[in-house]
Amino acid sequence: IKSKWKILPRDQCEGIKKYIVGLIIKLSSNSESSERERVYLSKLNIILVQIVKHEWPRNWPTFITDIVGASMTNKSLCQNNMMILKLLSEEVFDFSSGQMTQMKAKHLKDVMCGE
């Protein structure tokens, strides 16, 4: 995702995104499966954050709205969504140097603060 995402066809990007989101929702909707698959879920969260860094806000403008809306479903899903937002904010605000251009990092920071 870090190096090949931009060269993939849009339909493949959308398919991968939907697949990862679906897996995360499935695993984190139930507190038992969330706990049992904690390591796998954390890896999926990291993958989703990498996707979001490429897709949001241009190709996925509703990401924040989507994740906030999904958080209202149940406590377990809400906890995982908070973890995703934490990972994203760490990536954008703390570790953005060297991983994305300054302009891209500033844009994501501005959009995130605006949301």
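Reader: What do the buried residues of α3 pack against?
Author: The buried residues of α3 pack against α1, α2, α4, α5 and α6. Buried means under 20% relative accessible area, exposed over 50%, and partly exposed in between, with a 1.4 Å probe and protein chains only. Helices are DSSP runs of H or I with at least four residues, strands are E runs of at least two, and both are numbered from the N terminus.

Reader: Experimental or predicted, and what are the conventions?
Author: This is a predicted model, where local features need pLDDT of at least 70, side-chain atom pairs count only at pLDDT 80 or more, and totals for chains, interfaces and linings use all residues. Residues are numbered from 1 along each chain as its sequence is written, and side-chain values use heavy atoms, with hydrogens and water left out.

Reader: Which residues of α3 are buried?
Author: In α3 the buried residues are L41, L44, N45, L48, V49, Q50, I51, V52, K53, H54 and E55.

Reader: How does the span of α3 compare with 1.5 Å a residue?
Author: The 18 residues of α3 should span 26 Å, and the end C-alpha atoms are 25 Å apart, which agrees. The expected span is 1.5 Å times one less than the number of residues.

Reader: Take L48. What does it touch?
Author: Leaving aside neighbours within four places in sequence, L48 is in contact with I20, V21, I24, W60 and I84. Contact means heavy atoms within 4.5 Å. L48 counts as buried because its relative accessibility is 4%.

Reader: How far is L48 from I20, C-alpha to C-alpha?
Author: The two C-alpha atoms are separated by 6.7 Å, with L48 and I20 28 residues apart along the chain.

Reader: And Q50, buried or exposed?
Author: Q50 is buried, with a relative accessible area of 10%. Not counting residues up to four places away in sequence, Q50 touches I1, K2 and E91.

Reader: Which residues touch the most other members of the largest nonpolar core?
Author: That core has 24 residues, and I24, L48, V52, W56, F63, I84 and L88 touch the most other members. At least two residues each come from α1 (10-28), α3 (38-55), α4 (63-71), α5 (75-94) and α6 (102-114). With six residues, α3 gives the most to this core. A nonpolar core here is a set of buried Ala, Val, Leu, Ile, Met, Phe, Trp, Tyr and Cys residues joined through side-chain atoms within 4.5 Å.

Reader: Why would such side chains be buried together?
Author: In soluble globular proteins, nonpolar side chains tend to be buried together.

Reader: Over to α5. Which residues there are buried?
Author: In α5 they are S76, L77, N80, N81, I84, L87, L88, E91 and V92. They cover an arc of only 140 degrees around the axis, which puts them on the same side of α5. The arc is that of the directions from the helix axis to the C-beta atoms.

Reader: What covers them, and what is on the face turned away?
Author: The cover includes α1, α2 (31-36), α3, α4 and α6. The face turned away from the buried side carries the exposed residues K75, Q79 and D94.

Reader: Which residue caps the N-terminal end of α5?
Author: N74 does, with a side-chain oxygen 3.2 Å from the backbone nitrogen of S76.

Reader: What joins the side chains of S71 and N81?
Author: A polar contact of 3.0 Å joins them. A polar contact is a pair of N or O atoms within 3.5 Å; within protein, one must be able to donate a hydrogen and the other to accept it, and residues adjacent in sequence count only if both atoms are side-chain atoms. S71 is in helix α4 and counts as buried at 15% relative accessibility.

Reader: Where is the cis peptide bond?
Author: A cis peptide bond joins W56 and P57, with omega about 5 degrees. P57 is in the loop between α3 and α4.

Reader: How many helices and strands in the chain?
Author: The chain has six helices and zero strands.

Reader: What about the radius of gyration?
Author: With 115 residues, a compact globule would have a radius of gyration near 13 Å, and the chain has 14 Å, which agrees. The radius of gyration is taken over C-alpha atoms, and the globule rule is 2.2 Å times the number of residues to the power 0.38.
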